Amino acid sequence: MISYAFKWSSHNLFGKPFDALLSIIVLPGTLWLIYSILHWAISVAQWDIIPLSMRVLMIGIFPADQAWRAWTAAGIIAALLGAALGCVFSFRIHHAFFLALLLAALLTVGVGLQVSALTTLVAAVLACAWLLTSYVPLARHVLLPAAFTGFISVFAVMAPPGVGLWGGLLLSVLLTLVTAILSLPIGILLAFGRRSRFSSVRLICTGYIEIMRSLPLILVVYWIWILMPVLATGWSLADVARGMIGFTIFYSAYVAEYVRSGLQAVPRGQTEAARSLGMSEFDINRSIVLPQALRVVVPPLVGNVLDIFNAAPLVFIIGLTDFLRAGQMILANPQYGDRTYEVYSYLLLTYFLVGSMITYAARKLEAHMAIGSR
Amino acid sequence: MIINETNAAPGSVGCDQVRSRRFRKRLRHDAIQFAIIALVVALIGLLGYAVKEGLAQKGIKFSFAFLSNAAGFDISEGKTFSLSDGIFPAFEAFTSDRSNGAAFIAGIFNTLKVAVLAIILSTVLGTLLGVGRLSTNWVVRNLSFWIVEFVRNTPLLIQLVFWYFAVVLHFPPLAAAAKWYGGVIISQQGLYFPALSWSGDGSGISIALVSATWVAIVGFIVDPVKGMRRVCVVAIVALVGVLFASGFLSINYPVASKFQASGGTSLSPEMAALLLAIVVNSASYIAEIVRGAIDALPKGQWEAAGSLGLSRRNTINDIVLPQVFRVVLPSFGNQYIGLTKNTALGIAIGYPDLFNVYGTVANQTGHSLEGIVIVMVSYLLLSWIISAIVSWANSRLNQMGASR
């Protein structure tokens with residue numbers, strides 16, 4: 001054992017003089033960093049603030065007696081997520097272990113029997129949907145209408161107390177979902193417009209995409225927010241909806257660029273063959289070019305969803321209470337004292353967990369797609 | 001049409017038919033083009049009309065006259081042009097009696113200040129991280145990997161807020177500030193660095209020396225001949241030495257008293273946090289670009305260098321990185337544009353960049369629409385300038401590679 005450790009370290013840490021020097025410089029610093037972070041996390045940090053303010057972090061200022069709506073929405077979203085996962089990766093034992101691990105991590109921060117039970121229920125719904133689409137072929141065929149119904153019902157469930165009350169992590173998730181879904185058709189249209197036969201359409205689409213891509217998102221969201229009341233006086237739209245419109249307008253341009261790269265990847269021969277069969281341009285694009293192009297761009301589009309999710313805290317600029325603002329609201333409460341590090345590390349860790357899962361899924365998808373195209 | 005007329009053999013069957021079909025096709029194409037243009041013009045007109053009506057209801061008229069009105073608010077940092085005295089515009093700190101236009105210029109100055117510093121620093125840090133991810137040293141490799149993964153999978157805004165509220169504002173107060181060798185002061189009131197200070201008297205000899213130095217620097221950057229660039233380096237070193245020796249140029253160290261520091265150059269806490277957040281964030285993305293480019297380099301390059309007996313460090317410095325930089329420059333350009341856009345997040349911690357200044361001006365005057373035009377044009381210009389510089393550097397680098 002000791003000889004193995006010695007071999008390993010002499011190979012990986014002190015293999016060459018320069019490596020040895022680097023190790024001597026970097027190793028103590030890294031160890032000290034890890035030690036001080038662990039020491040702080042275990043014995044100094046007072047984590048009780050996180051479970052105590054879990055409701056605010058998750059749903060913001062959404063009324064507490066309406067929390068069942070948020071749980072229902074979380075269940076539906078989990079089911080859709082599981083179903084989508086099942087279409088790509090069949091459910092395996094190690095997935096179950098992973099899910100259980102995640103659940104255990106969630107349960108350690110959630111307190112109270114009710115919360116634990118509901119969290120377990122949501123995870124169970126996810127696993128069931130995953131199993132269903134993994135092994136029941138019929139489930140995959142009804143997935144699209146089911147997803148559509150699911151999204152509609154999420155909004156039907158969440159809307160009644162008032163759209164303006166949405167907040168916390170739930171707002172970030174809903175914003176991401178709406179933006180990702182709405183920006184896809186607009187982005188596809190823009191991508192086709194950019195290679196249209198008509199130079200005017202090309203010009204307009206190119207101009208739109210390029211201008212959007214050289215502006216900061218925060219500006220676009222803010223401008224849409226202040227322009228909507230000026231454009232449509234008397235028609236008051238909720239801040240949340242205005243934010244979603246701003247995000248969609250911005251991210252459509254990015255989706256358009258991804259889709260365009262996919263369109264370029266479709267060999268010319270495909271279009272020419274279809275044309276020689278006498279198909280109309282519309283039919284060629286819809287049933288020959290687009291399916292092949294979308295297949296290529298699925299991994300970058302998943303990465304784009306992560307970008308949207310990471311950009312969601314920007315809605316603070318239009319006064320919405322998202323995950324970050326909820327955390328800042330808790331910090332502003334003087335009854336806890338200074339818990340800056342605890343709250344911000346919790347925010348960063350949650351985002352990191354979700355973000356790395358999305359990244360992992362994108363990488364797996366890329367490998368999966370590569371197998372299919374061989 | 002002319003080609004058709006000249007090439008058509010007289011009496012060929014169907015020539016007229018083909019021509020008329022082509023003509024009809026073109027006519028239809030033009031008609032659709034025209035319809036699209038008309039539709040877009042109508043839409044934009046409608047939009048403009050609606051905005052004008054909406055603004056008229058609030059009693060605001062679309063005009064840029066507000067730019068010359070006095071601003072009436074203060075900006076915590078930032079310099080602007082003022083035309084008040086003399087022919088040459090003076091470059092000085094913004095005060096509340098300056099115009100709104102000057103406020104916008106101060107905002108652009110602040111945005112540029114952060115962007116330029118962040119571009120330089122993140123390129124260096126990103127390259128180090130990217131090379132570190134491929135290091136043979138296990139600790140360095142994994143440390144770089146986890147830093148990059150963590151930063152890429154968390155939102156920049158939360159990182160920024162973390163840097164500001166949890167790091168920069170937890171620096172020691174100025175009275176107990178850490179002071180490093182060379183006079184760097186790190187405190188929650190700001191970061192202070194030594195600066196070069198000019199104490200020349202405007203005499204002919206000092207101006208000649210300074211102009212010679214600048215010529216040498218410009219020559220070092222743009223001269224295409226390698227030998228001339230070496231001469232320029234020698235000249236720069238000699239000239240700077242003379243400037244120091246003659247006392248025209250001196251190093252100004254910051255001095256901290258109990259509540260403030262004077263001398264040197266300083267970064268405000270907001271600027272320091274924004275810079276840290278953006279540099280670390282972009283460096284992670286740049287590291288991924290660099291790593292991808294190194295991975296894409298043919299394995300033969302490494303093997304050939306190894307068989308020549310070059311050490312790994314020499315291989316990376318002389319064989320790999322020069323080739324990698326040629327490939328990654330366009331991606332770097334995109335990253336630089338993204339970085340410049342990200343400076344707009346400074347509003348979350350109160351850094352007075354262009355967006356922040358625009359928000360204040362729009363609130364004070366109600367002219368948010370005109371502000372939108374100004375800000376949009378500014379960001380578009382910034383993006384174009386960056387991509388122009390990057391493509392210039394790219395063409396220059398590839399030219400050098402080809403001629404070598």
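Start by selecting the residues where the two chains touch: 52 residues of chain A are in contact with 53 residues of chain B, contact meaning heavy atoms within 4.5 Å. The model is predicted, so local features need pLDDT of at least 70 and side-chain atom pairs count only at pLDDT 80 or more, while totals for chains, interfaces and linings use all residues; side-chain values use heavy atoms, with hydrogens and water left out. Residues are numbered from 1 along each chain as its sequence is written, and chains are lettered from A, ligands numbered from 1, in the order in which they are written.

Keep the interface on screen. Chain A and chain B bury about 4700 Å² between them, 74% of it on carbon and sulfur atoms; buried area is the accessible area (1.4 Å probe) that two parts lose on being put together, summed over both. Next select A:Trp223, A:Leu348 and A:Phe352, which supply 13% of the area that chain A buries against chain B, more than any other three residues.

Now show polar atoms. The rule finds 9 residue pairs in polar contact across the interface, both residues at pLDDT 80 or more. A polar contact is a pair of N or O atoms within 3.5 Å; within protein, one must be able to donate a hydrogen and the other to accept it, and residues adjacent in sequence count only if both atoms are side-chain atoms.

Colour the chain A side by element. Those giving two or more residues to the side that touches chain B include α1 (2–12), α2 (17–44) and α17 (340–372) of chain A, helices being DSSP runs (H or I, at least four residues) and strands likewise (E, at least two), numbered from the N terminus. α17(A) gives the largest share, 11 residues.

For the charged pair between the chains, select B:Glu149 and A:Arg363: they form a salt bridge, with the closest N and O atoms 3.3 Å apart. The count between chain A and chain B is 1 salt bridge, defined as a side-chain nitrogen of Lys or Arg within 4 Å of a carboxyl oxygen of Asp or Glu.

Over all chains the count comes to 12 salt bridges. One to select inside chain A joins A:Glu210 and A:Arg194 (3.4 Å, N to O). A:Glu210 lies in helix α11 and A:Arg194 in helix α10 (residues 168–194) of chain A, so the pair ties together parts 16 residues apart in sequence.

Finish by colouring by confidence. The complex has an ipTM of 0.89 and a pTM of 0.86. Chain B averages a pLDDT of 83, pLDDT being the predictor's confidence in each residue, from 0 to 100.
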